[in-house]
Amino acid sequence: MGFTAVYDNVVLIGFMGSGKTSVGKALARQLYKKFVDVDSTIEAEQNASVTEIFETKGEAYFRDLEQKCMNELTKKKGQVIATGGGLPIYSSIPEKSLIVYIDADFDVILNRLSAKEHAKRPLLQDEARARALFDQRIDTYKELAVFRADANQSVSTFIHFIRDFILDQRVL
Ligand code: S3P
């Protein structure tokens, strides 16, 4: 007997540096699904880094690219999609997305990010402002998600919770 999948794609949300990309790659591998990353897709299409886009075109332009990219990517099904931390704040995530919140504490994120990964994120440069952004955003992440993963440990310690939830939901 067949079944109809309720969701088209898994969409990972969460603050900058929470591990969405690492989690997404590992999940996609374990589920034999394609992994796509919104930031990397935009960078490839624009032939510019996120930092360069922020500097030359501004944040509003980047937010517009994010929404367009999300709309394009979700025309396809069966993918694990990692978003940028601001995407769920400024863009709508198409229905039929199984939204998973990768939830790491602000201090854990700061301690875990390498200098290189930190430097890539324009909105993380001023620590006080980044912390305020974190506090502003968490409620939206919680409201949107159907599943929250405590991401304060290494990916290998919590990824099976997400994988099992997805398998139970008969997503994809
Ligand atoms: C942003 C998060 C970044 C990137 C951009 C803006 C944000 O993605 O999209 O720097 O507003 O939180 P990551 O969440 O992958 O760092």
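**Exercise 1. What is the order of the strands in the open sheet, and how do they pair?**

Before we start, two notes on the model. It is a predicted one, where local features need pLDDT of at least 70, side-chain atom pairs count only at pLDDT 80 or more, and totals for chains, interfaces and linings use all residues. Residues are numbered from 1 along each chain as its sequence is written, and side-chain values use heavy atoms, with hydrogens and water left out.

*Solution.* 
- Step 1: Helices (H or I, at least four residues) and strands (E, at least two) are DSSP runs, numbered from the N terminus. Two strands pair if DSSP finds at least two bridges between them.
- Step 2: The open sheet has five strands in the order E2-E3-E1-E4-E5, and the pairing is parallel.
- Step 3: At the edges sit E2 and strand E5 (147-150), each of which pairs on one side only.
- Step 4: From one strand to the next, the twist averages 25°. Axes here are lines fitted to C-alpha atoms, for helices over the stretch in contact, and angles run from 0 to 180 degrees between N-to-C directions.

**Exercise 2. Trace the bridges that join E2, E3, E1 and E4.**

*Solution.* 
- Step 1: Strand E2 (residues 34-37) runs parallel to E3, joined by four bridges. Here Asp-37 stands opposite Ala-82 in E3.
- Step 2: Strand E1 (residues 9-13) pairs with E3 in the parallel sense over three bridges, and Leu-12 stands opposite Ala-82 in E3.
- Step 3: E1 is also joined to strand E4 (residues 97-103) by five bridges, again parallel. Ile-13 stands opposite Tyr-101 in E4.

**Exercise 3. Decide whether the two faces of strand E3 are covered.**

*Solution.* 
- Step 1: In a regular strand, side chains alternate between the two faces of the sheet.
- Step 2: In strand E3 (residues 79-82), Gln-79 and Ile-81 lie on one side, with Val-80 and Ala-82 on the other.
- Step 3: All four are buried, where buried means under 20% relative accessible area, exposed over 50% and partly exposed in between (1.4 Å probe, protein chains only).

**Exercise 4. Which residues are closest to the ligand?**

*Solution.* 
- Step 1: Of the 15 residues surrounding the ligand, the closest are Lys-20, Arg-63, Gly-85, Arg-121 and Arg-137. A residue is near a molecule or strand if one of its heavy atoms lies within 4 Å of it.
- Step 2: A polar side-chain atom of Lys-20 lies 2.5 Å from a ligand oxygen atom.
- Step 3: For Gly-85, a backbone N or O atom is 2.7 Å from an oxygen atom of the ligand.

**Exercise 5. Why does Asp-103 count as buried?**

*Solution.* 
- Step 1: Asp-103 lies in strand E4.
- Step 2: Asp-103 counts as buried because its relative accessibility is 12%.

Terms used. Polar contact = N/O pair within 3.5 Å; in protein donor to acceptor, adjacent residues only side chain to side chain.
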